[in-house]
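Q: Hi! Could you walk me through this model before I set anything up? I'd like to know how it is put together.

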Amino acid sequence: MTEHSLPPVVARMWGRETSPRYGPRPSLDLGTIVDAALRIADRDGLEGVKMSSVAAEVGMATMSLYRYVGSKDQLLIVMADAASPEPPALHDRGWRTYLADWTRANRDFLLSRPWLLALGHRTPPAGPRSLRWLDRAIAALADTDLSYGERLNIAATLSGYAIQQATLAHALNRTTDATDSMVGLAEYADVLGQVLDPDGYPELTAAVRANAFGVSEEWVDDADFTFGLDLLLDGIQALIARGNR
């Protein structure tokens with residue numbers, strides 16, 4: 001396999017960047033700058049994160065910031081990795097129990113810092129923390145007969161589910177003074193019941209009348225999250241069973 005040079009942003013995240021031999025010693029480090037950027041994002045949202053605002057937060061000129069991070073896009077990539085908590089510990093748990101906790105923890109930390117959702121997928125996981133999440137997910141499946149490729153695809157699918165659920169919950173829970181938002185599942189079902197024509201939407205109308213959307217006063221319904229997660233885990237179980245035949 002050909003060894004490629006590390007992209008600058010990856011080298012920075014792993015502390016593999018070659019230090020210059022000449023010139024003044026840096027007065028800050030990347031960690032200090034990223035911590036400042038995280039404070040701004042938590043306080044003001046992603047729109048508040050600018051090279052100028054980060055520079056002001058750490059008390060330096062904006063142009064000086066480029067000595068530590070090459071661009072705002074690179075800063076956002078490092079921020080996304082640094083904002084991730086440590087993944088749940090394995091503790092010899094079975095793969096299904098662990099991956100359920102892993103997916104739930106993934107969703108919960110995204111909801112705790114919803115500005116992460118605005119970043120989207122800027123790059124495959126390449127930082128120390130994001131790769132620990134990936135490592136633990138495939139490690140949970142180590143005692144199965146699944147290939148590494150299958151295990152990686154499972155991790156990507158569960159991660160995608162966590163992102164989708166966090167995005168949906170965040171979008172539906174946002175309310176502003178400028179909008180008349182529907183505040184929960186109960187209100188949403190009530191609205192559907194008033195607008196749906198049973199002739200045009202017979203099954204959806206029946207679902208509303210059967211309270212299939214639930215009666216929660218908020219949009220986050222853990223039962224719905226668990227239902228979808230169980231569907232995915234059942235599919236993984238079927239894949240494992242097929243390989244054991």
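Q: Great. What should I know about the source and the numbering?
A: It's a predicted model, where local features need pLDDT of at least 70 and side-chain atom pairs count only at pLDDT 80 or more, while totals for chains, interfaces and linings use all residues. Residues are numbered from 1 along each chain as its sequence is written, and side-chain values use heavy atoms, with hydrogens and water left out.

Q: How many helices and strands does the chain have?
A: There are 12 helices and 0 strands, where helices (H or I, at least four residues) and strands (E, at least two) are DSSP runs numbered from the N terminus.

Q: And how much of the chain is buried?
A: Buried residues are 34% of the 245 in the chain. Buried is under 20% relative accessible area, exposed is over 50%, and partly exposed lies in between, with a 1.4 Å probe and protein chains only.

Q: What share of the contacts comes from residues 24 or more positions apart?
A: They account for 73% of the contacts with a separation of 6 or more; a contact means heavy atoms within 4.5 Å.

Q: Which residues of H6 are buried?
A: Trp95, Tyr98, Leu99, Ala100, Trp102, Thr103, Asn106, Arg107, Phe109 and Leu110.

Q: How does H6 pack against H8?
A: Their axes are 9 Å apart at an angle of about 160°, with H8 covering residues 128–140. Axes are lines fitted to C-alpha atoms, for helices over the stretch in contact, and angles run from 0 to 180 degrees between N-to-C directions. H6 and H8 are therefore roughly antiparallel; that label is for angles over 145 degrees, with under 35 roughly parallel, 65 to 115 roughly perpendicular and the rest oblique.

Q: Which residues meet there?
A: Trp95, Tyr98, Leu99, Trp102, Ala105, Asn106 and Phe109 in H6 meet Trp133, Arg136, Ala137 and Ala140 in H8. By class, that contact has 9 nonpolar, 1 polar and 1 charged. Nonpolar covers Ala, Val, Leu, Ile, Met, Phe, Trp, Tyr, Cys and Pro; charged covers Asp, Glu, Lys and Arg; the others, Gly among them, are polar.

Q: And H6 with H12, at what angle do they cross?
A: Roughly 140°, with the axes coming within 11 Å; H12 covers residues 222–243. H6 and H12 are therefore oblique to each other. Their contact has 8 nonpolar, 3 polar and 6 charged residues.

Q: Switching topic: how are H2 and H5 arranged?
A: H2 and H5 are roughly perpendicular to each other. The axes of H2 (residues 30–44) and H5 (residues 72–82) come within 10 Å and cross at roughly 80°. Leu30, Ile33, Val34, Ala37, Leu38 and Ala41 of H2 make the contact with Leu75, Val78, Met79 and Ala82 of H5. That contact divides into 10 nonpolar, no polar and no charged residues.

Q: Last one: is Thr205 buried or exposed?
A: Buried, at 7% relative accessibility. Thr205 is found in helix H11, residues 202–209, and touches Leu196, Asp197 and Pro198, not counting residues up to four places away in sequence.
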